Amino acid sequence: MKIKELKKAAVNFGTPIYVYDLSIIESQYRKLQNAFKNLDNYKIHFAAKSLSNISVLKFIKNLEIGLDAVSIEEVKIGIKCGFKKHEILFTPNGVNFSEIKEAKSLGVKINLDSLESIKDFSENYPNDPISIRINPGIYAGGNEKISVGHSNSKFGIPEEFISDLIKMDKENRINVTGLHIHTGSDITKNNEFEKGIKKIFSTATKFKNIESIDLGGGIKIPYFSGDTETNLNDYAKAVEEEHNKFKNNTGKKLKIIFEPGKFLVSDSGYFITSVNYIKKSQNNNFIQVNSGFNHFLRPTLYNSYHEVINLSNPNDQKEECTIVGYICEKDTLAEKRMISKISKGDLLCFKNAGAYGYNMSSNYNSRLRPAELCIHDNSIKKIREKENLEDLLKNQIDIF
Ligand code: LLP
């Protein structure tokens, strides 16, 4: 961790602030390349929903990575950043068909997850290739909100309808060239990945024009030293094994797509706040910072753990404290932690804030979203301005 640079960034640009170290994104990508080196044809598509600042996206595009887009806006941003259209896979859920049409007209690949939308697609674009997202009926993911591959989830084609699609494909009413699963985020157990891998490869044998399978995201990164993480080599081995079986059964090879969000960018991001007050009560040592869940939602929404470093005083004696925001409801950012002695004005840095940090921020309590910076080629650059009051008001209409 680059404490000196992060401190400099916070002092020069003010807090709260998000900072991304682009070299970490690249080194995470190299880890994937190393783990997947025995797969003959694979592609990484970055999940734009996790972090979509255009400078970061361009950096990622320059690494020859494709894009996983979930909304027409992400598709448009991806195109604007120069991603190749055939390397953008649009995976919407529950959107109006007009949005799918628009994505189609932009030339990106489409991945649908309901029989209803697939029927609309086949009527509008008979015989055009389509990818479909199946629901593998697997419960996997770090918490209930981000576990989306089980049978009660709204995502993916429910298992009981897959035979209908196989029939439609046989009768040339649809042309399925891709299959997709995404079972959840923060998947720790490799056997949960393996179940999904087995399911998708065996389903793939039933589609005559199948060219690619997409295994979604979900790779778990450690949030603190000693935390669990996905074993990438085991993951890659499981993919290789199932692919070999597929090749032996069908005589065909598939392109394998992975859609990491967190794995690529989580560790690259730091969210830095300043201490307004230290408020003591009988049972708590509340550290009140100049932010809240409006800027950094994960701890409140998922109870997720983000390590906190006191940039101003990193190596002092540790004291127990609870870091809270200024939002007018409970917005604990870190509970009962042992952190190097904190004083008023200190800079506190939350780690692993690159994925779903800025992208899940809001204007709740009429607060302004912070600026974003990146560390690249030994310099710190601003990649998004902090909002101002005008930004907050610009779309509002005063009728009085
Ligand atoms: N592909 C699809 C279709 C997805 O829905 C997602 C994430 C990904 C890939 C990337 O997953 P990742 O590698 O980042 O786990 N806001 C939550 C995470 C929500 C994930 C939604 N889908 C969080 O902060 O934990």
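I181, H182, T183, E192, F193, G196, I197, L215 and Y235 line the largest cavity. On a 1 Å grid over the protein atoms alone, a cavity is a set of points where a 1.4 Å probe fits but cannot get out, and lining residues have an atom within 4 Å of a point. About 60 Å³ of space lies in that cavity, a volume being the space filled by probe spheres set on the points.

A word on the numbers: this is a predicted model, where local features need pLDDT of at least 70 and side-chain atom pairs count only at pLDDT 80 or more, while totals for chains, interfaces and linings use all residues. Residues are numbered from 1 along each chain as its sequence is written, and side-chain values use heavy atoms, with hydrogens and water left out.

Now for the ligand. Around it are 18 residues, and S185, E259, K262, R298 and Y356 are the closest; a residue counts as near if one of its heavy atoms lies within 4 Å. Both domain 1 (36–261) and domain 2 (269–393) give at least three residues to this shell, with domain bounds taken from an automatic or database domain assignment.

Here are some polar contacts (pairs of N or O atoms within 3.5 Å):

| Residue | Protein atom | Distance to a ligand oxygen atom |
|---|---|---|
| S185 | polar side-chain atom | 2.4 Å |
| K262 | side-chain N or O atom | 2.7 Å |
| G261 | backbone N or O atom | 2.9 Å |

On its own the ligand has 580 Å² of accessible area, and the protein covers 91% of that, going by the Shrake-Rupley method with a 1.4 Å probe.

Conventions
A polar contact is a pair of N or O atoms within 3.5 Å; within protein, one must be able to donate a hydrogen and the other to accept it, and residues adjacent in sequence count only if both atoms are side-chain atoms. On a 1 Å grid over the protein atoms alone, a cavity is a set of points where a 1.4 Å probe fits but cannot get out, and a pocket is an open set with protein on both sides within 12 Å along at least five of seven lines; lining residues have an atom within 4 Å of a point.
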